[in-house]
Amino acid sequence: MKSTINKIASLLIIILFVACSTTDKTVKEQPLKIWLEQSTKKWNEGLPIGNGSLGAMVYGTPAKEVICLNEETIWTGEKRYDRDNKKAGPEVIKKIQQMVFDGKYVEAEEFLTTNLLAKRFPTGTMTNQMLADLFVERQGFDSVANFRRELDLNTAVQTTQFEKDGTSYTRECFSSFPGKAMVIKYSADKKGAISLSASIKRNKNTNIELTNNSIHFSEHVGNLMGVKFNSTIHFETKGGKTEAKNGKIVVSDANELVIRIVGASDYRGGNPKQICADNLKNALADDYKELLSEHVTDYRSLFKRLNFTISDGDGEDLPTDKRLQKVKDGAVDNYLTQVQYQFGRYLLISSSRPGTMPANLQGIWVNGFKPPWNSDYHININIQMNYWMAEMTNLAECHEPFLKFIGSLREMGRITARETYGCGGFVAHHTSDAWLATAAFGRARYGMWPMGAAWCCQHLYTHYEYTDDKEYLAEHAYPIMKEAAQFFVDFMIPHPKTGMLVTSPSVSPENNFMTTEGEVATVSYGCTMDRAIILELYRNCIKSAEILGIEDAFIDTLKSQVTKIPPLQIGSDGRLMEWMEELEEPYPGHRHISHLYALHPSNQISKERTPELFDAAKKTIEYRLANGGGHTGWSRAWIINFWARLLEAEKAHENIIALQQKSTLPNLLDVHPPFQIDGNFGVVSGITEMLMQSHDGKINLLPALPSAWPNGSIKGLRARGGFEVDIEWENEKLKLATIRATTSGKFRIYSNGALSEMISLKKGESMNWKDN
């Protein structure tokens, strides 16, 4: 085999050249638009815009348009240091552990629900909220012609156009990151045609003040238990008249109207009123064209790093909702998949920028005051799925808010570790929020899960793998990972029969099992996901220490404990076991597939290194699907990633289609249901993994290319080790790959069943690769 590989490698065309002499990357820009021919009164069928901080869902009709405004920091509640159950502590943990080891699973769950888990706050008491609804009304516009609304992913501009009585009307809007403002322009092809009224609605506690050209509103949200915010909506016209009248801004006979929107809270300190005034002053210093140009330039500096093509179409033959309906009726639409992929990248850029909060369950697009699950941070997969695609699709900057958030969990997480478990380090459970909650609360099947911070830590090391930034590893990532690992050094205990280290109590997120007595239970010990997460955390700490030249007793402890953690196990039916014991599942099609963590997002299972576990993982996902799994959007997206790692191209593609058919709205937003943004992000990482994977020092080209995509290209991917990768293929075969080094490093290429010799590139060098 080795001689064959060497022979193939010797025939490969490898051309090294510095980045400044790379081949011309100029390509014709793909049209990438989500467009529809009808208006909607449904919020979740609107079109989203955002700059990471200030967002809006734009919907409604020409007669009454609704711009549902969001500002990332509008949260009720407060930072609570007393969330942990005061009954909890080391003695309670020991009692629970004894019950678990005695097989008293139901009794253990009942005991810990009272003595370890805190009460869950009522929905809406610690929640993200919308900023306000902005209504724009026009008399006599109930009937219009040639209506079209679109979101251009190449510019991050949302546009609505229609005709009325021989006049063509246009409304454009965008949210500018550099401009720190949202901007909306109303125009027409005839002078004096812009007449409308605008008003905002929030609630009875909102203070609203109008001047002749502005709406100012503010509130201390959550009945004085939350942030204080201010917002200004400024109206600038060319021609015509603007006046405040009956609680509305009324614009009459204008040639053009430009609205600028700013908003801020005291979440990070500072005076929100002054912040708004300063941001508005800066936004007014530029005219619309300048604001638009600055916005587009900034947005494209991120978005245009990656180009994905599996269709030559321009998308103008069918509106997006009709394209989607054809897929629901059984068609395959590569252009739709292409847009869906780039829409996910658009959404991440629009909801997660340096200096902002991480994208939550709805990104930054929240409707009303009690959104589903409070639009919080579910850290038992959902927020992680939001960011799987960040590094690989060349959006490392968008990863930054989450990486900083993880470190911010330590203050509260140390309290929870100490007070609830009697352990050092820090810990976080299944849910957090703007106030960095870490306590175990609610029901056992989701709340009794101290793995949240540890899973999040995977992202810290992943960022290092893609950037090779040793300063970041030393100053940010490693200290956080070490502290998370310290908790498990203290928390894990030897199993009384085997002596192996296990977590106890332990749950497999949100899933249940049947006891031998026929009861439904949740709590056990050493669940498969726990072991996989802890092994990865420990190994990443050990690797980090080796990279940084750290040798101390703590690393020796981790090395010792790694050898005492039970390995993954295969059941009698050939599937990967979810629990330490082979237990019956009451819900065999459960949406969580936590025991496959080692396959994805981790890399502990692979065809080459662990073939038996690889086959067991395949049987596991087949069983889940055969029993109705994948019935939520985010779960289906995870399944795409699983099939990509299992190198099953056609099955991965089948699940992309299933996601489109069953869990996608007409505007391409993902539904759990309801709308939940992780599925939009998860499908992007899944498609990327189908086209390139980078693990174990290898760059695997086209590992799961489906027959539905016979020709195409993806340019601007990022691979671990600090490499940027372009891939082109024809007739389902690799045509050309180009690898550029952003830092000096070594790698092998795996393509067409063959593994190359080791290749070295210095920073700035590139190479071309062709299969023989």
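Colleague: How much space lies in the largest pocket, and which residues are the closest to its centre?

Modeller: In this predicted model, the largest pocket holds about 690 Å³ of space. Local features require pLDDT of at least 70 and side-chain atom pairs count only at pLDDT 80 or more, whereas totals for chains, interfaces and linings use all residues. Residues are numbered from 1 along each chain as its sequence is written, and side-chain values use heavy atoms, without hydrogens and water.

Colleague: Why is this called a pocket and not a cavity?

Modeller: On a 1 Å grid over the protein atoms alone, a pocket is an open set of points with protein on both sides within 12 Å along at least five of seven lines, while in a cavity a 1.4 Å probe fits but cannot get out; lining residues have an atom within 4 Å of a point. The volume is the space filled by probe spheres set on the points, which are joined across faces, edges and corners.

Colleague: What makes up the lining of the largest pocket, by element and by class?

Modeller: At least two lining residues each come from helix H13 (452-467), helix H15 (528-548), strand E25 (692-695), strand E26 (698-701) and strand E30 (745-751). H13 gives the largest share, five residues. These elements are DSSP runs numbered from the N terminus: helices are H or I with at least four residues, and strands are E with at least two. The lining of the largest pocket has seven nonpolar, 13 polar and ten charged residues; Ala, Val, Leu, Ile, Met, Phe, Trp, Tyr, Cys and Pro count as nonpolar, Asp, Glu, Lys and Arg as charged, and the others, Gly among them, as polar.

Colleague: How do H13 and H15 pack, and which residues make the contact?

Modeller: The angle between H13 and H15 is about 35 degrees, and their axes are 9 Å apart. Ala454, Trp455, Cys457, Gln458, Tyr461 and Tyr464 of H13 make the contact with Met529, Ile533, Glu536, Leu537, Asn540, Lys543, Ser544 and Ile547 of H15. Nine of the contact residues are nonpolar, three are polar and two are charged. Contact here means heavy atoms within 4.5 Å.

Colleague: What makes H17 roughly parallel or antiparallel to H18?

Modeller: Helix H17 (residues 611-626) packs on helix H18 (residues 633-645) at an angle of about 150 degrees, with the axes 11 Å apart. This makes H17 roughly antiparallel to H18, because angles over 145 degrees count as roughly antiparallel, those under 35 as roughly parallel, 65 to 115 as roughly perpendicular and the rest as oblique. From H17, Phe614, Lys618, Ile621, Glu622 and Leu625 meet Arg636, Ile639, Phe642, Trp643 and Arg645 of H18. This contact of H17 with H18 has six nonpolar, no polar and four charged residues.

Colleague: How many cavities of 30 Å³ or more are there, and what lines the largest cavity?

Modeller: The whole structure contains nine cavities of 30 Å³ or more. The largest cavity holds about 190 Å³ of space. It is lined by 15 residues, with Ser606, Glu608, Gln693, His695 and Asn700 nearest its centre. E25 and E26 are the elements that give two or more residues to this lining. Four residues of the lining of the largest cavity are nonpolar, five are polar and six are charged.

Colleague: What lines the second largest cavity?

Modeller: The second largest cavity has a volume of about 150 Å³. Among its 15 lining residues, Trp388, Met392, Gln458, Thr462 and Arg720 are the closest to its centre. Helix H9 (382-392) and H13 are the elements that give two or more residues to this lining, and H9 provides the largest share, five residues.

Terms used: Axes are lines fitted to C-alpha atoms, for helices over the stretch in contact, and angles run from 0 to 180 degrees between N-to-C directions.
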